[in-house]
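Subject: Structure for you to look at

Dear colleague,

I am handing over the structure below, and after it I set out what was found in it. Please read the notes with the structure open beside them.

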Amino acid sequence: MLLLQLLASGIQTGILYALTAAGFALIFGATRIFHVAHGATFVIAGYAFYECIQLGIWWPLAMLVSFVMAIASGVLMAIFIYRPIQRSEGSFFTVFVAAFGVSIAIQSLIQYFFGRGSVTVSSALTKSSKVMEGLYLAPILAVAIVVAIVMFTAVVLFLEKKNAGLGLRALSENPRLLEAFGLDSKSLTVLAFAIGSALVVPAAILTSISIGIQPSSGSRVMLISLAATIVGGIGSLRGAALAGLVLGIFENLVITVVDTQWSEAVSFFILFAFIMFRPNGMFGATVKR
Amino acid sequence: MSNVLLSIRGLSKNFGGLAAVQSVDMDLQEGIVTALAGPNGAGKTTIFNLITGNLVASSGAVTLNGKSIIGMKPHRIAHRGIARSFQDLRLFTHMSVRDNVLVALEPKSWFWQPGGKAAWKKRLEDVDRALETTGLSKLAEKRAVDLSYAETKFLSLARILATGSKIWLLDEPASGLDLNSRTRFVNILRQATAQGVTICLIEHNLDVMTQLADRIAFLDQGKKLAEDVPANILRDPELIAIYFGKSQSGH
Amino acid sequence: MINYILNLLTLATIYGIAASSLNVLVGYAGIFSITHAIFFGIGAYAGAQFALLVVPDIFLASMIGAVTSGVLSLLLALPALRVRGEYFVAAGLGLQMVGMTIFSEAHTLTGGHGGLVGIPAATLAGFDVSTPGLFLVICLVALIISLVVIRLLMRSSFGRALMSIRDNESAAESFGKNVPVLKTLAMAVGCAIAGVAGTLFAFNLAFVNVESFTLEQSILMLAMVVIGGVGTLSGPLIGAIFLLLLPAVLTFVPFIPPTEIGTVQQFIYGSLMAVLMIFKPSGIAGKTGDK
């Protein structure tokens with residue numbers, strides 16, 4: 001049945017959206033930095049994986065490289081771009097422009113070396129088999145679900161149990177509390193970027209395996225992360241992830257009603273509606289206007 | 001008994017379960033300086049926000065010159081004659097000192113201002129006068145972000161002066177000023193009240209309060225505990241204890 | 001060769017108008033817009049349709065472009081100007097994406113993916129003004145008029161009100177500024193002028209196509225304003241000239257293949273934007289001493 005098939009692909013897309021959105025929401029929630037270059041981390045992770053596989057590196061190692069590159073790029077941006085700006089002027093505008101600048105620079109760098117087109121990593125995981133009439137599923141869906149559950153559980157446990165996790169939550173709400181934990185805001189910011197960037201990696205790898213990745217994927221990912229963070233509610237990690245999932249499912253299901261080209265536009269209409277009528281999103285704390 | 005310009009009755013504000021302001025009554029009379037005193041978190045700035053329309057009251061009435069202003073938007077309340085300063089100043093950072101004051105003089109900011117050239121000249125004169133009163137004339141072209149701390153405090157006052165409003169809500173306007181500047185500041189406020197302005201002042205500095213305030217309203221945890229002349233308030237041992245944090249009202 | 005230079009100068013002028021109009025939003029009103037290419041595009045499509053369907057009078061077509069773009073800016077302004085910066089950016093990005101989809105799919109209005117082709121040569125009150133030299137003059141006149149309008153507006157009480165909103169919105173409100181209305185007006189003005197630039201762009205190219213109005217183009221315009229210097233009259237012009245001359249200069253660099261010039265240009269202005277924000281947020285022409 002078409003609906004089930006679309007639901008399946010929607011869940012898969014949604015999981016990828018949820019991961020990237022959660023990463024963005026974590027960074028923004030903890031540091032209040034609008035990390036528009038989050039999409040650049042995504043592309044770096046994806047292309048790192050791709051290039052490693054091309055070079056014949058064993059795939060777990062390739063995944064490791066991908067993680068390292070993504071975390072490094074997030075952290076380096078935090079230290080060398082965001083921190084100096086916040087020290088000097090730090091207005092929303094300046095941070096934003098710088099982030100945009102960085103993402104454009106990275107996108108063009110990748111475009112220079114890898115070309116504009118989409119690249120895919122071939123894998124047996126994408127081979128779909130008939131599960132029932134009208135429904136074809138591939139192992140990658142199961143992988144995505146498992147990976148998402150593992151990563152989310154890990155992050156949530158970290159945020160709720162470990163000192164550093166609590167520190168991250170305190171960072172945005174009450175920085176003075178940090179001294180009580182024996183932590184400082186600088187290293188916590190780096191931690192936030194590290195975890196947030198790491199969350200992107202499985203999504204990037206899975207994307208490169210399934211639909212392929214291209215230099216402009218970064219901006220798309222960033223838009224979705226943004227939309228999901230707002231719809232889910234600023235400050236809520238669960239909200240962002242849930243909203244990402246819902247957006248992914250919705251984007252696929254809506255094809256039954258409108259043409260494919262409009263499915264993305266529909267997602268943004270939803271975003272608009274939330275911004276206008278419910279800026280708190282689904283789970284967010286009350287937002288100061 | 002002079003005119004009551006602004007009247008508050010039963011003003012309350014709840015945030016979820018927290019009662020930030022509880023049924024406060026207050027009158028601001030022409031030419032009188034009323035100080036709002038009390039420990040941090042007593043609700044003083046919240047009351048200001050309720051008056052200016054930045055926050056919507058949970059219940060109660062705010063009457064300006066006999067008309068209710070509950071539910072009006074902040075910019076409209078400003079047009080009606082309430083001028084308000086902020087604890088963190090909120091100057092127009094990249095604009096010049098002159099423009100900071102000029103902007104305050106032009107509440108309705110369309111392209112064409114009524115009155116043509118004559119009114120424009122008058123506005124410029126008003127700006128110069130405000131700058132002179134606050135001692136900022138020589139700094140007219142400097143950008144607000146380049147001013148010293150004391151100069152920024154006086155610029156904040158100049159903006160208020162320029163509006164010509166008769167109700168001033170000032171949030172710790174003289175905090176951090178040295179003795180000379182503070183004296184100058186207090187004198188400007190005194191001159192204003194002599195011309196009929198009513199000032200409501202949030203202050204922590206006891207000197208400023210005794211020098212300036214005609215009445216002190218003491219607040220704690222959103223409730224007004226007392227309102228009286230400064231001498232009586234400052235002699236009350238219970239209020240002093242609350243102020244310095246040794247006890248809380250109701251204990 | 002002469003034609004090449006004239007064309008380059010014409011493009012610089014057109015983008016100068018577009019960047020200056022974006023400066024009204026970003027530099028003077030503090031509205032952070034990354035959708036300006038869409039309004040540029042609306043002006044292009046509107047002006048082009050007018051030329052195709054009625055008369056290719058450049059003045060009339062530009063006015064149609066301005067009005068269409070200014071009015072349609074309300075679509076973004078009304079819902080989104082009341083909310084915080086981050087939300088506005090998100091809404092803007094959304095509009096950019098939706099706008100591009102509409103440009104690609106609304107065949108009757110925009111010619112779909114293929115765009116509108118065969119835009120007739122520009123005329124003014126009956127005279128042909130489409131020769132490269134004359135057209136450049138027309139564009140320069142448009143630029144001068146735009147700059148005069150912008151200067152007049154920004155030096156008026158309207159401009160001061162906008163700047164006060166930019167610098168501190170809550171304080172501006174407490175001094176009587178109706179923030180949503182003023183921001184909406186600023187946006188309408190900025191988008192209307194962008195619409196004029198768009199119409200000129202359409203005439204210059206003789207065709208309009210969605211590829212000219214992508215997110216990258218919006219960011220390029222933002223880069224012109226930011227790199228040149230926000231809140232000044234000359235800043236956007238410097239930015240426009242610099243960023244348009246850049247690809248031309250890059251053709252002379254030996255090891256860059258011609259197909260990659262656009263990519264290298266992007267890398268340069270992307271990096272410049274980031275670096276400038278760290279060291280000199282006010283841009284090349286901006287006033288120094290930004291603390």
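Five bridges join E9(B) to strand E10 (residues 223–228) of chain B, and the two run antiparallel; strands are taken to pair if DSSP finds at least two bridges between them. Helices (H or I, at least four residues) and strands (E, at least two) are DSSP runs, numbered from the N terminus. Before going further, please note that this is a predicted model, in which local features need pLDDT of at least 70 and side-chain atom pairs count only at pLDDT 80 or more, while totals for chains, interfaces and linings use all residues. Residues are numbered from 1 along each chain as its sequence is written, and chains are lettered from A and ligands numbered from 1 in the order in which they are written.

Strand E9 (residues 215–220) of chain B has five of its six residues buried, so it is largely enclosed by the rest of the structure; a residue counts as buried if 20 or more other C-beta atoms lie within 10 Å of its own, as exposed if 12 or fewer do, and as partly exposed in between, with C-beta atoms placed from the backbone.

Both strands belong to an open sheet of six strands in chain B, with the order E6-E7-E8-E3-E9-E10 and mixed pairing. Strand E6 (82–84) and E10 of chain B are at its edges with a single partner strand each, so one side of each is left without a neighbour in the sheet. On average, and with direction ignored, neighbouring strands of this sheet are turned by 15° against each other; such angles run from 0 to 180 degrees between N-to-C directions, and the axes are lines fitted to C-alpha atoms, for helices over the stretch in contact. Strand E3 (residues 33–37) of chain B pairs with E9(B) in the parallel sense over four bridges, and E3(B) also pairs in the parallel sense, over four bridges, with strand E8 (residues 198–202) of chain B. Thr34(B) stands opposite Arg215(B) in E9(B) and opposite Cys200(B) in E8(B). Helix H1(B) packs on this sheet, where it touches E3, E6, strand E7 (167–171), E8 and E9 of chain B, and its direction makes about 145° with that of E7(B); contact here means that the C-beta atoms of two residues, placed from the backbone, lie within 7 Å.

Chain B also has an open sheet of four strands, in the order E2-E1-E4-E5, with antiparallel pairing. Its edges are strand E2 (18–29) and strand E5 (67–68) of chain B, each of which has a single partner strand, so one side of each is left without a neighbour in the sheet. Strand E1 (residues 4–15) of chain B and strand E4 (residues 59–64) of chain B pair in the antiparallel sense over five bridges, and Ser59(B) in E4(B) is the bridge partner of Ser12(B). H1(B) packs on this sheet as well, touching E1, E2 and E4 of chain B, with its direction at about 70° to that of E2(B).

Turning to the domains, an automatic or database assignment gives the bounds, and chain B is divided into domain 1 (1–80 + 188–251) and domain 2 (82–164). The contact between them takes 10 residues from domain 1 of chain B and seven residues from domain 2 of chain B. On the side of domain 1 of chain B that touches domain 2 of chain B, H1(B) gives the most, with four residues.

As for the chains, A and C share the most contacts of the two pairs of chains in contact, whereas no contact joins chain A and chain B, whose closest C-alpha atoms lie 10 Å apart. The contact of chains A and C takes 36 residues from chain A and 34 residues from chain C, and H4(A) gives the most to the chain A side, with 15 residues.

Finally, on confidence (pLDDT, given by the predictor for each residue from 0 to 100), chain A averages 83, and 92% of the residues score at least 70.

With best wishes
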